[in-house]
Amino acid sequence: MLERRSIHSLDWLLALAVLALCAVSLGMVYSATLGGPLSPLAKKQLIYVALGLAAMIITLAVDYHTLASVSYLFYAASLVLLVYLLFFGRAIANTRGWLELGPVNFQPAEMTKITTLLALSSYLSRNRSSSLTPGNMGAILLIVGLPVVLIARQPDLGTALTFMPLVVVAVFLGGIRIRTILILVMIPILALPLLWTHYLQDYQKERVLTFLDPARDPKGAGYQVLQSRIAVGSGGLIGKGFLEGTQGQLKFLPAQHTDFIFALLAEERGFLGSLVVLSLYFIVIYRCIAIARAARDLLGVYLAMGMMALFACQVLINIGVVLGLMPTTGVPLPLMSYGGSSMITTLAGFGLVLNVWMRRLVN
C-alpha cells in the first residue's frame, strides 16, 4: 500500500500532465455538447474522470508485482467478456462491443488493453533470455493475438489494431534477429489483398477509399474528414474562442465530442492551443520512457514502455485521422474524447506507470 515516502517520490510531472489533459477534455466536451447550464454528457464525462482517478489511485496503491502475479486471471476474465460480447453484446455503430451495466454501457476492449499489457509484461519478465526464441514469439503473438481476433470479430478493426504496439515493444525490448523482423513486416503486407477481398466490410473499404480521395463523396463518407479539415484550418493562430467555433457550435462537425474532439479544440483554440495540448501529450510519453529507464526490474520496464506505446499509438492515429492523414478508424483521442471506458482504463494504466516510478526506490 501507499507509504508517505512513496507519495513524496511520485512523478508529479506525469501526474499533472495527465490531470491537465483531463481538465481540457472536460472543457471541450462541454463546448461540444452545450445544451444547458451543464450538458448531460459533460456531467457524465466529469463522473468518468472521477472514476478514472479512483482507478488510477487503486493501480497506484497496490504494488505492481502483486498485480502482475494475478495478471493471467485478469487477462482470462477479459477474454471471457469478449467472447460473451460476440453472442450477447449490444450492437452500437455497427460493432458488437458494448456491455450493458444498467444505465451505463461499457466497452471491455478498452479494459483488455490493460489486462493484456499486464499479462504480457508478466510473461516477458519471467522468461527473459538474451534474445527472443521461437517459443517466446509464439507466446507473445498468442497473448496479444487472442484479444485482437476477438475484437476484430465484433467487428472493431480500429481498436484491434491499437494492440499491435504491444508486440512491437515486446520485440524491441526482447531482442530479435533482423531476418525475423523482415518476416514479421512482410506477413501483413502480403496479407493485404486477402484482407481487402475477404475480410473488410463495405463501410471499412469506403473509409479507405475516402481517405485516398475525400472529395469522391463530400456529403457522405468524406463529410467528416472535410468538415474536420475546415474546422482545423479556420482556427488560425489563436482560434475563434471558447464556444465560438462555427463548425462546432453549428454542428457541422460530426462526432465532435468523441473521435473528432481535436478538430473542435483546433477551431476554438487555434494552433497555439493545439500546440499546448500536443506538448502535454509529449510530456506524458517522455515521462513514460524516463520511468522505464529508471525502473528497477524488467516488469517495470515492460509496463511503462507498453503503456507508452498504447497511448502514443492512439494519439497518432486519432490526430492523423482528424488531419486527413489516415483513414477513419473510430479510435478515440486518449484522455480527451468523451467516453467512460477509454477514460477509466487509460487513467488506470497511468496508475501502473506511476506505480513503477514510485517504487523504484523501495523494491
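Trainee: How many salt bridges does the count come to?
Mentor: This is a predicted model, in which local features need pLDDT of at least 70, side-chain atom pairs count only at pLDDT 80 or more, and totals for chains, interfaces and linings use all residues. Residues are numbered from 1 along each chain as its sequence is written, and side-chain values use heavy atoms, with hydrogens and water left out. A salt bridge is a side-chain nitrogen of Lys or Arg within 4 Å of a carboxyl oxygen of Asp or Glu. By this rule, the salt bridges number four.

Trainee: How many residues apart in sequence are the parts that Asp63 and Arg359 tie together?
Mentor: Asp63 and Arg359 form a salt bridge whose closest N and O atoms are 3.8 Å apart. Asp63 belongs to the loop between H3 and helix H4 (64-69) and Arg359 to the segment after H16, so the parts tied together are separated in sequence by 296 residues.

Trainee: Is Lys113 buried or exposed?
Mentor: Lys113 pairs with Glu110 in a salt bridge, with 3.1 Å between the closest N and O atoms. Buried means under 20% relative accessible area, exposed over 50%, and partly exposed in between (1.4 Å probe, protein chains only). Since its relative accessibility is 4%, Lys113 counts as buried.

Trainee: Which residues line the largest cavity?
Mentor: On a 1 Å grid over the protein atoms alone, a cavity is a set of points where a 1.4 Å probe fits but cannot get out, a pocket is an open set with protein on both sides within 12 Å along at least five of seven lines, and lining residues have an atom within 4 Å of a point. The largest cavity holds about 60 Å³ of space. Its lining consists of Glu110, Lys113, Ile114, Met307, Leu310, Gln314, Thr345 and Thr346.

Trainee: Which residues lie nearest the centre of the second largest pocket?
Mentor: The second largest pocket contains about 400 Å³ of space. Helices H3 (40-61), H5 (71-88), H6 (108-126) and H16 (340-358) each supply at least two residues of its lining. Of the 16 lining residues, those nearest the centre are Ala55, Thr59, Met111, Ile114 and Ala348.

Trainee: What is the relative accessible area of Lys240?
Mentor: Lys240 meets Glu267 in a salt bridge (3.2 Å, N to O). The partners are 27 residues apart, with Glu267 in helix H14 (residues 261-294) and Lys240 in the loop between helix H12 (223-234) and helix H13 (246-249). Glu267 is buried, at 0% relative accessibility. Lys240, by contrast, is partly exposed, its relative accessible area being 31%.

Notes. Points joined across faces, edges and corners; volume = space filled by probe spheres on them. Helix = DSSP H or I, 4+ residues; strand = E, 2+ residues; numbered from the N terminus.
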